[in-house]
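Student: I would like to learn how to read a protein structure. Can we take it feature by feature?

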Amino acid sequence: MKKILASVLAILMIISMAACGGNSAPAATEAPAATEAPAAEAPAAEAPADAGQKTVGIAMPTKSLERWNRDGEYLKAQFEAAGYAVELTYSDNDNTKQNNDISNMLADKVDLLIVAAIDGEALTQTLAEAKDQGVPVIAYDRMIKADAVDYYVSFDNYTVGVLQAKYVIEHMDLDNAGDKTYNIEFTAGDPADNNAGYFFNGAYDTLKPYLDAGTLKIPSGKNTFEQVATPAWSTDTALENFQNTLASFYSDGTVLDIALCSNDSTAAGVSQAIESDYAGSNTVMVTGQDGDIGNLQNIVDGKQTMTVYKNVADEAGVTLVLAQALLNGDAIDASLCDKFAVTAAYDTESYENGTRPVTSFLLVPWSVDNTNLQQLVDTGNYKWDANNKYLESTAS
Ligand code: GAL
């Protein structure tokens, strides 16, 4: 049943966009089921003819959120292996610093910018300078509102939320709940992050029929993104916010069944709040995203139920193929997907940079829980610890 549901979900997920498949990855309609990992292949890194003369500027938002350390390392390693010089910065979640870091790259005359924005609306002026200099800009993972942005590489972030919701529906068996009601609370991400709304909406839209039917209930009443957003994706802020929610709405013995968190850094805070401040005896279902090491340990220990995995090594590989095409002056259309090592959707309508649609390549996320952790190891990005109990990252 699980595989049928997951396959149906995967097909629905892909039909929603013009999908194109990589050479060795499963065909688009066979995109990984919710609990099956796509085949892991090293991305094809063709050294461009004049790679030695090209420099790529890579701007990551922060080191304080685990995934960006992996993104930065994978991007740097793959671009250098393909013959490019790389300038890599991390901007401490400080918008002023990120603008300065990018300005410095432009002063160094980089040939291409790859930017994961802290705030998608805070780089407009600096990236206008990139446009003036004719430096192409790839928005990496998070969309950026700037006319200089012509390309976007990310995951289908609405589907990240859908996967979290589908996991709740399946594992709480909501379709057979009868007249039972389950209590749920939402924790969303940073309002400055263009992705955060997609994660929340994907989850909320999918669960709304169950909220409308009374199968799900939100005791706090917090049912809008703004009410449950977490600035900077901060674990401490998520912890504090959830402690307040528990104190206000659960101190009377109300049972909490589900904590739907948009990512692992917020799930870490929510799990801490549940451990310290929730009086109920039941295990609360906690969702997340990213496969952060501490959260994977929580999944083994039963403090978190699932995470949505996005293979950022693959995201880096797709970005490399796009960058090579851009710098070599090749055509950039759906056929580029044939060079990807993994399946990605080619989308020219869903995402815009504030003035016009942007050509986007969207990779496929998939669900992980304590039944398929081995599939994370199979990606090559994780390994088992010495006791074969917890996972460790293989990134340096
Ligand atoms: C999002 C990203 C997610 C999430 C969050 C915190 O933009 O797509 O993976 O973890 O930022 O970094």
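Tutor: Start with salt bridges. A salt bridge is a side-chain nitrogen of Lys or Arg within 4 Å of a carboxyl oxygen of Asp or Glu. Keep in mind that this is a predicted model.

Student: How many salt bridges does the structure hold?

Tutor: There are 14 salt bridges in the structure. One of them joins Asp71 to Arg67, with 2.6 Å between the closest N and O atoms.

Student: Why are Asp71 and Arg67 separated by about one helical turn?

Tutor: Both belong to helix H2 (residues 66-81), and they are separated by about one helical turn because they stand four residues apart in that helix.

Student: Are Asp71 and Arg67 buried or exposed?

Tutor: Buried means under 20% relative accessible area. Asp71 is buried, and Arg67 is buried too. These two residues also belong to a network of salt bridges that links Arg67, Asp71, Asp141 and Glu315.

Student: Which residue meets the side chain of Arg70 in a salt bridge?

Tutor: Asp292 does, at 3.7 Å from N to O. This pair links distant parts of the chain, 222 residues apart: Arg70 is in helix H2, while Asp292 is in the loop between strand S10 (285-286) and helix H10 (293-301).

Student: Why does Asp292 count as buried?

Tutor: The cut-off for buried is under 20%. Asp292 has 7% relative accessibility, so it counts as buried. Arg70 counts as buried as well, because its relative accessibility is 7%.

Student: Where are Asp147 and Arg356 in the chain?

Tutor: First the bond: Asp147 forms a salt bridge with Arg356, and their closest N and O atoms are 3.1 Å apart. The pair links distant parts of the chain, 209 residues apart. Asp147 is in the loop between strand S5 (137-140) and strand S6 (149-155), and Arg356 is in the loop between strand S12 (344-347) and strand S13 (359-363). Asp147 counts as partly exposed because its relative accessibility is 33%. Arg356, with a relative accessible area of 26%, is partly exposed.

Student: Now the ligand. How many residues surround the ligand, and which are the closest?

Tutor: The ligand is surrounded by 13 residues, and the closest are Trp68, Asp141, Arg142, Asp193 and Asp290. Next, look at the distances to oxygen atoms of the ligand. A polar side-chain atom of Trp68 is 2.9 Å from one oxygen atom, and a polar side-chain atom of Asn195 is 3.0 Å from an oxygen atom. For Asp290, an N or O atom in the side chain is 2.2 Å from an oxygen atom of the ligand.

Student: How much of the ligand's accessible area does the protein cover?

Tutor: The protein covers 100% of the 300 Å² of accessible area that the ligand has on its own. The ligand sits in the largest cavity. H2 and helix H6 (194-212) are the elements that give two or more residues to the shell around the ligand.

Student: Which residues of H10 are buried?

Tutor: The buried residues of H10 are Ile293, Asn295, Leu296, Asn298 and Ile299. After H10 comes Gly302, which has a positive phi near 80°.

How values were computed: Residues numbered from 1 in each chain as written. Predicted model: local features only at pLDDT ≥ 70, side-chain atom pairs only at ≥ 80, totals over all residues. Heavy atoms only, no water. Buried < 20%, exposed > 50% of the residue type's maximum accessible area, 1.4 Å probe, protein only. Near = heavy atom within 4 Å. Polar contact = N/O pair within 3.5 Å; in protein donor to acceptor, adjacent residues only side chain to side chain. Areas by Shrake-Rupley, 256 points an atom, 1.4 Å probe, with all protein chains shown as cover. 1 Å grid on protein atoms, 1.4 Å probe; cavity = no way out; pocket = protein on both sides within 12 Å on 5 of 7 lines; lining within 4 Å. Sits in = over half its atoms within 2 Å of the grid points.
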